[in-house]
Amino acid sequence: MRRLAYMGALVFTIGAGALFAASRGAFDFPHEKHAALASDGCETCHTGIYSGDEAQNVSVDPALCAGCHNGQAFVAVDWQGYTPRESGLKFEHAAHPKLGCKTCHGVPDGEGDMAVQAASGETCLVCHGNGATDHFEVGVNPCETCHYDPAPGHTPGWKTQHATAAAAQLPNCTSCHKETFCVDCHDGPVNPDFEYHPANFVMRHGAESWASPMECSECHSREVFCRDCHSNQGVAQDGRTSGGYHDGVANWLQQHGVAARQGMDSCVGCHQQTECMACHSAKSGWRINPHGPDFDPSRAEDRSTQACAYCHTGF
Amino acid sequence: MNVHRRPFLSLIACALLLLPGAVVGQGIRGDVTLNWGWLQLRPFVRDSVLEDGVSGSGLQRQLADGTTVTCIDGDFCRWYEGNGIRQDITPFTQDLRFAGWTGVQGLSFHGQMRTRLGSDDLWPRTDQKFDLMSGYLSFNRAAYQIKAGRMYRASGLGYYNFDGASVVWRGLGWLWLEGYGGWSLARGVNAPRNGDLVTESDLLATDRRGLLFGGAVGFRGGKVFSGSATYQREIRTDRLALYTERAAVDLRALVGGWAFDGAAAYDFAYDQVNDARLRITTPALAGIRFAAQGRHYTPFFDYWTIWSAFSPVGFNEGRLSATWTSRAIPLLVEAGGAYREYEDTNAGPANTTVKNDGWRGFGRVYWSPNRWYVDGRYRAENGFGGARYGGDLILGRYVGKGSVSYVALRGSATETLSEFRVGERYVTGGAVEGAYDISEANLTLDASLGFYRIEDKNRSLSQDWTEGRATVGLRWRFNTGGTR
């Protein structure tokens, strides 16, 4: 029931948060009503759209509107110009002169040149997305082709905090990123950018292995990766339980249970199961029960009697 | 050692069959990456003296020089120390990855493989000479995608690799369904669960491969909501037991600059929520984005191990961070911290000295005026078992176009406290780093050389020493053209 409550709280909080937040602005200029003005195409009003004149290339000059909407010929309007919202995109109209306006701004099935709407990211991905040539595949700094840092939706700390987003909207990720992009960090040959792990992490990882800021085993096999290095460096258990390493805490033997339950992830980096079973087994040794008060043997037994049989007879 | 070449060879065979024709849209692109490293290590060794030769009583005593030792009556007193002998490690990896388009619309092949050479047994996984990380065929259309071969799958359960197939259907646009299955591979190893790599690491390692099955459903509510739920189980091939059975739910909402991320992963055998997170990120307020996160974490262990039966406990953590990115000048400032408390372990004496909480702090300043950059990072990690305080300061200059080519000087300092061992370690040093991109040749070179002074405090037998480190990397990109 407690787990269900967690899940329910999660759904409720995210839903309430989303409803609370403000909605985004719309692209609401009635282009169709002004079709007669566009004798020379979009550049009639959007002067400089292809020349790269940043002052003019998106917003229409308010003076142009006021020429007709002066309160006499037509109703006066209070148009002060358009301020583009910060999209995080590097897009420049001048860099895309061959596309034509309707390629990105055309309303699907819309009639006439004035059936336009704001461009969407999906339109960009037709050319720039995963699978398209040249841009996103294996280029130099592929993200920077289109995005300032960070890309849309890539919230601060993204490199270490993207797990939920990646799972929730996986199809979105693959619009831009190939699978190998993920592998670069999750199973890459080198430590990328020193954000996931700080530089020289091999000398610094001890405290973080106890703290589990991330799940180490997602990328590193505790049994293979951790023990491999620890045993070669002389800090792995080698079958003896006579101590000598955990000498920083008095009466370690009596206190190790607390450390083990809090940091089992880290213990497994050195210790094999048989070493713990030397004392914690119902078959031999000191027969010390390692199970906590919430342990439900029936659930575990239903799924793996094999593990039960390591320490208990009758399986 | 297991070398699994069959999927790879099948893939190459398909590629060769499909590549020679001059069909429009055919092409292959990818890269080859070589990484060579050199570093020095000074392994630990265990030393001992007869218990009779050590004064005092009890389990832990001190030698005349102050070294703490662990003694057993009538036996030896033992301790660990660096043996003073440096060992040079020179791992060398070669990666090849590629994506090829066959000329048949939607049909492509993908591969990523690695060879590891040098420093056998002294650097993790250099005993795994060849590693096929992924290699699959993909048939991708607007409404569905079918993949077959060796592939990764990322979900709320983490990152799993398997040999098999997956089918994704997304015909409604807002809804997607996925089913996948095949022979599972040990996480982080890319090798079967009963392969030598795993069995040599644990006396109780499983002797059977695993079959992995899973399904997921996801939705997308415009640009606002998205979410997915995943169920996955792994079964021994002899059907006698499960290796894993888990489910996860992940939700995201992006509205008006706010981001809400929530996730939970559940372990059926031990009735535990392994990882539950709720993270809220604000829009930029005066240029600053704030993030707050609550997290519960309990480690998950495969069912072939006894670790979950030892009732590991989780912790609850709160984390706050703030990031300021200036658009006026190239400056980024980031700072944050987290505090965690562990659940009751129901173990050990009442007056245990093992802490049940921890905290961390971090900060970063990145400033890049006129192609120069200064990048300072600091991290503090304080918890039970160990603590670390330290950071890096980098002064660099970008060379040429973009930010790929650069040359930099790095200074580094770290203090490490190992709570379960006696002593503190200080590491200070620096390095020269650089990279250069030769875009005409599709080549990027990188290299670094550094030296770090290592000083152990309160361990009288330890000798201070200087560790050398170097890396050389080369990446060559190829692209014969082609489209999806």
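Biologist: What stands opposite B:S448 in β27(B)?
Modeller: That is B:T471. Strands here are DSSP runs of E with at least two residues, helices are runs of H or I with at least four, and both are numbered from the N terminus. Keep in mind that this is a predicted model, where local features need pLDDT of at least 70 and side-chain atom pairs count only at pLDDT 80 or more, while totals for chains, interfaces and linings use all residues. Residues are numbered from 1 along each chain as its sequence is written, with chains lettered from A and ligands numbered from 1 in the order in which they are written.

Biologist: How many bridges between β26(B) and β27(B)?
Modeller: Twelve, with the two strands antiparallel. Two strands count as paired if DSSP finds at least two bridges between them.

Biologist: And which strand pairs with β27(B) over eleven bridges?
Modeller: β1 of chain B, residues 26-41, also in the antiparallel sense. Within that pairing, B:T33 has B:R475 as its bridge partner.

Biologist: What holds strands like these to each other, in general?
Modeller: Strands of a sheet pair through backbone hydrogen bonds, either parallel or antiparallel.

Biologist: Where does B:N458 sit?
Modeller: In the loop between β26 (443-457) and β27 (465-479) of chain B. Its C-alpha is 4.9 Å from that of B:G423, although the two are 35 residues apart in sequence.

Biologist: Which residues other than glycine have a positive phi?
Modeller: B:D271 is one of them, with phi near 50°, and B:N346 is another, near 55°. B:D271 lies in the loop between β16 (258-267) and β17 (272-281) of chain B. B:N346 is in the loop between β20 (331-342) and β21 of chain B. B:D271 is partly exposed, with 14 other C-beta atoms within 10 Å, and B:N346 also counts as partly exposed, with 14 C-beta neighbours inside 10 Å.

Biologist: Different topic. What is the strand order in the open sheet of four strands?
Modeller: It is β2-β5-β4-β3 in chain B, with antiparallel pairing. β2 (44-50) and β3 (60-62) are at the edges with a single partner strand each, so one side of each has no neighbour in the sheet.

Biologist: What about B:C71?
Modeller: B:C71 stands opposite B:C77 in β5(B). The strands there, β4 (residues 68-71) and β5 (residues 76-82), pair antiparallel over two bridges.

Biologist: How many residues does the contact between the chains take?
Modeller: 151 from chain B and 114 from chain A, where contact means that C-beta atoms, placed from the backbone, lie within 7 Å. On the chain B side, strand β15 (residues 242-255) gives the largest share, ten residues.

Biologist: Which residues have the most contacts inside the largest nonpolar core?
Modeller: Among them are A:A167, B:V189 and B:V198, in a core of 38 residues. A nonpolar core is a set of buried Ala, Val, Leu, Ile, Met, Phe, Trp, Tyr and Cys residues joined through C-beta atoms within 7 Å. Leaving aside neighbours within four places in sequence, B:V189 is in contact with A:S221, A:V224, B:L197 and B:V198.

Biologist: What does the secondary structure of chain A come to?
Modeller: 15 helices and zero strands. Of its 315 residues, 27% are buried.

Biologist: Last one, what are the ipTM and pTM scores?
Modeller: The model scores ipTM 0.87 and pTM 0.82.

How values were computed
Contact = placed C-beta atoms within 7 Å. Buried ≥ 20, exposed ≤ 12 C-beta atoms within 10 Å, placed from the backbone.
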